[in-house]
Every structure is written in structure tokens, then in C-alpha cells.
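Dear colleague,

Please find the structure below, together with its sequence. A short account of the findings follows it.

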Amino acid sequence: MKFAFYPGCVSRGGCPELYSAANLVCDKLGIELEEMPGASCTGAGVLQEKNRLLGDILNARTFAMAEKIGSPIMTICSTCQGVMAQARHRMNADADYLEEINSHLADEDLHFSGDIEIKHLLWVLIEDYGLEKLLPLVTKPLKGMRLSPFYGCYIVRPTEALQTDDNPERKVALETLIEALGATLVDFEGKTRCCGFPILTINPKNSMAMVAKHTAEVKDLGSDAMVTPCPLCHLNLDGFQPKAASQAGRSIDMPIIHLPQMIGMALGIAPKDLGMKRHIVSTQKLELKLQEA
Amino acid sequence: MNVTIKVKRFDADAEKPESYWEEFTTEVADNATVLDALIQVREDQDGTLSLRCSCRSAICGSCAMRINGQGGLACKTPAVDAVIDGTITVEPAGNMPVIKDLVTNFDGFWDKINQVTPYLQPQGPEPEAEYIASNESMLHLSGVTACIMCGSCVSDCTVLEVDPTFLGPAALAKAYRFTADPRDGDEDGVSLDRLKDLGQKSGMWDCTRCMACVTACPKGVDPMDRIMALREQAMDAGLTNNNGARHAEAFVELVGHSGSLDELKLPVKTVGIFNVPALLSYVPVGIRSLRRGKLPSLFHKKIEGVENVRRLVKKLEK
């Protein structure tokens, strides 16, 4: 099983632990990843505010690179997943638009066919790898751990571009994995809401209010940690949680773990190797639960 | 089809107003909508169940509510599609005060629509005859004027959940209906004053781009896309002296330089290098990140073949 790997900027910037954890997990599972060192940022939806065509061309460039490798794209970022899926959706629906975009890629001798599979590791594990293959490799079931899902908007909406109606398992992929790995699911409504990261520098007060709302809600439900497939959510929910807690006037102390860290723990990879020491909110109590499991 | 309808109930006039869940089991036709099912419960089982409805054809916008946690019209949602393990869960629309059961108070909704002065304001010289608008521009606007003011988008807006002062998706989409109208604003159709107003706090730049409104809208208005179009109009009109516009412009500039996102430079460029208080507010998180080995490298790496990205950005620069 091979993928053209698109890790995204944040997993190599502010969340380096995600990049290494994802590579360790895929290595252990035998998922072969070929990176595209020439691929650019997706634009994260922000670049698109200024210039959507440019954003679509940059993403088509990445798609064309993956087509050269001959494998579907795998990402580890909900935002990249969504932005790429939306770009693909626009090109897929309009042949003239696709042709226009390809005319800009010709200088680099690249060409995008118009359709390519783009899958987050979260979907790959459920749809391609399969739980039946994953679960026998679990050496450390996450028994006794109480975990809450937090998706990140771009892997949930819009459903048409993400093809979630054709693949309903995507709507509950995190919950499915949490329970399959032996942990207790602590479900909550906020799991598909916004983490506040996109307005962090624009309206910090609202951004912090969102962080506090979600993390405090699962704290009060007795969760041990939140699991997210989105490094942007992680930056806000983990990195800015102390600030959010102080704005909310309460203690929260809710560890936020990346999806591959949860999988890695269940596969018996040491939390240290999964980069959990790098988090701002300590994962120590969670690691104790892992030892007890 | 036998279904259980789980309804969140509430009565603001009760002695102790508290919301609670109540379940009703009823037999509905295979082609029934969620609204049909609710009406049937009201007729057959509990006459006190309160809800709004009128046209039953997704035209009047009365029956917006949350169905299985998702904003939408009860009359447009087939019951068969909404059943999960034999149950349909129904709550009042979010982000509005509840009056009784599924009936919410729309006063705040209308206040915000009024805030965007929802009528044409031509500022250029008056034409001798009628104002001329191209067919193309009107066709484009028909996408926004399809709004039936049902409040589904407001119900699910993730910003309104934490900040009731936000203008919200319905009012901002309504504002776009005027900024994008060639008859509004100056003789070139640029609605500069509106765009200035809409760029203030609680306006267009406070949207998080979460797309909840796009999913909730039963009429394909895509409020968030209209908010993004407002941002583009504002930047095109030169209204760039704010964090939102600087954020978008810096993003293009940084990706256009190295091919990938420089996470350290983005916030600095967004708030402005001379905005010392804002920059200082990042110091604690910077120190925490540095101590954990999480701070992105000061020397941001360029992607392979970055000249190709630079060329594209330059070619398509606006």
C-alpha cells in the first residue's frame, strides 16, 4: 500500500511531533509513503480568500505530482484534506476550468487528469488498511482511557467535496477508531465545531473562547484526552489552552493528542518516541493510564 | 414506518424553565418529512408541542430547527433520511433564545439584518431613466436572494456560539446581496461605505470559515462563500489596513516566497510589526513552544523547485 505523502506545512513546523509520529506509525503498519518535496502549501483556505485561482493551480500542481508517482494522496492534516478536496471538486465539475488550470502547469511539464484520490490517514486506516488488519497489530489496547474526538472543520464540511455521503464511515471514523483501539469514547457535540485557529490573530478573544468551550466541555465529561486529525486544531487547542483557560477563568488541563499518536500508543510505540513530550499541555496522566492498561 | 421522535422541550413561561427531552413514537408514511412527523405528534399525542410552520415546501422558512444536531428545514428533510437507529432527534435552532419547544425568538436575527441596511443605496449620479443592471449580475445575485431567512445558518454558526455580537452568516450574505449589486455604491458599483462598515469588529473578518452555514443552508446560498467574496471586495477596494486582510495578503506573499507556510512570520505580518502589544501577547506561547521544541525554525526552508511557485504567484498576482 503506497501513497503520495502530503504532510502539510504545520506538521513540519509547529507540530513536528505529528510528522514523526505519522511516519513511525505508517512504517510499523507497512504503509509506504513517498513525499513530494516540490509540493507547495494548499493555501489553507486563506490564500484562496485573496486569489482562489492561484490556490487551485497550486493544488492541481500537487495532484499532478502525485499522478506522476502513480499513487493516491495521503495527508495527515484535516485542513489540507478539505482544501485539496474542494479544489479537486471545482476542477472535476468544470472541464474548461481544469483546462485553464492545466495551461498554467504546462511550463513545469505537469498535467492533472481531473480526478485523484485524496485521503487523510484517518480514512486510509478505516477504508484502505482496514480495522481487520490493524487490530491484530494492537499490542497495547487503550483500555481505561477516556478519549474524545475533535475532527477539524475541513474534514467534515462541505460533505459534497469530501464525498462523505458516499462514504458514511468517514462521519464516524474517529469514534470508530477510538472504540476499536479499546478506549472509552467520550462523545460531545463540539467535535465537529471550529477550534478557533483561523481567527487566532484576527479575533483572539473569540478564538480563545472556542478553545476553552471545547476543552472544558470534555474535561467536565471526564475525558482524559482529545484526539484530533488536524494539526491546526492541535496548535490552538493545545498551544493556546493555557491562555484560553485564563480567559475563561478556570483550569482545564486537557491533553490534546494527534491521531497517529493514539494509533502509535496502541501499537506499542513509546509516548516519548511519539513526541508527546512536545505538547504544551502535559500528557503525563494519560501516559500513566497507558501503563496501567 | 415506525419512528421515535426525540424532542428537546422548553417553556420560557414555566414556573421553573428547564429544557428536557421527551420521546414520542409514531407511525409515519414512507414519504413523510420530519415536519409531517412532528405535526402528527402534535395532533395525535401532545397538543402542547410548539413549532412554527406554514408553507411545508421550503419557501417560507418557518420550520428551521436542528435535526440530529444539524440546522435545516423540517419540511425539507425526509423522515426516512433522518432516522438513526429508529430515532429522529429534534432541537430548536441554535444561537437564538427559545420561547417554547421548537419556537425561537428571531428579534436578534432581524436586528442584524437591519444593521446591514438591507436596501439599495446608489451613490453615483442618478441616471436619466432606470438603473441598468446586467443579466449576468442579476443571475449571480439570484444565488443570494434565494435566502428565505429561515435562520438555519445562524443556528449552526460556530462564531455566534461564543460571540453573540457577530453579524453572522445571514446578515453578511444579505450585505453581499447589496455590495455585489451594480446599482449599489458609486458609479462603478463599488459599495465602499458598506465594505468599511462590514470590516469593523463583529463583521466579515470574524468568520472562521468553518462552513457550518454552508452545510446548514437549505437553499444553496452558501453564506460563507459570500463572506469570502465580501473580503475579496474589501481588499480590492483597498481596505487592507486590518488584521484579516493583512493575514490573507501575507499568506500569499509567504507561500509565494518559499512555497510553504512560514508560521513565525504569518502572525507578525498579520498584526503588523509595529503592533508591540499584540506581538507581546504571543511571547508566553512562544516561550512555552520553545521549551517543548515546538517552535518552528527561524530559518524557514523553501520547497524544492520553489521558482515554479514564485513564477505562478507572480503571474497570477492581483
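Chain B contains 14 helices and seven strands; helices (H or I, at least four residues) and strands (E, at least two) are DSSP runs, numbered from the N terminus. The model is a predicted one, in which local features need pLDDT of at least 70 and side-chain atom pairs count only at pLDDT 80 or more, while totals for chains, interfaces and linings use all residues. Residues are numbered from 1 along each chain as its sequence is written, and chains are lettered from A and ligands numbered from 1 in the order in which they are written.

The C-alpha trace of chain B spans about 70 × 70 × 40 Å along its principal axes. Of its 318 residues, 42% are buried, meaning that 20 or more other C-beta atoms, placed from the backbone, lie within 10 Å of the residue's own.

β1(B) pairs with two strands, where pairing requires at least two bridges found by DSSP. With strand β2 (residues 20-27) of chain B the pairing is antiparallel, over eight bridges, and Arg9(B) stands opposite Tyr20(B). With strand β5 (residues 87-92) of chain B the pairing is parallel, over four bridges, and Ile5(B) has Ile88(B) as its bridge partner.

Yours sincerely

Key:
Buried ≥ 20, exposed ≤ 12 C-beta atoms within 10 Å, placed from the backbone.
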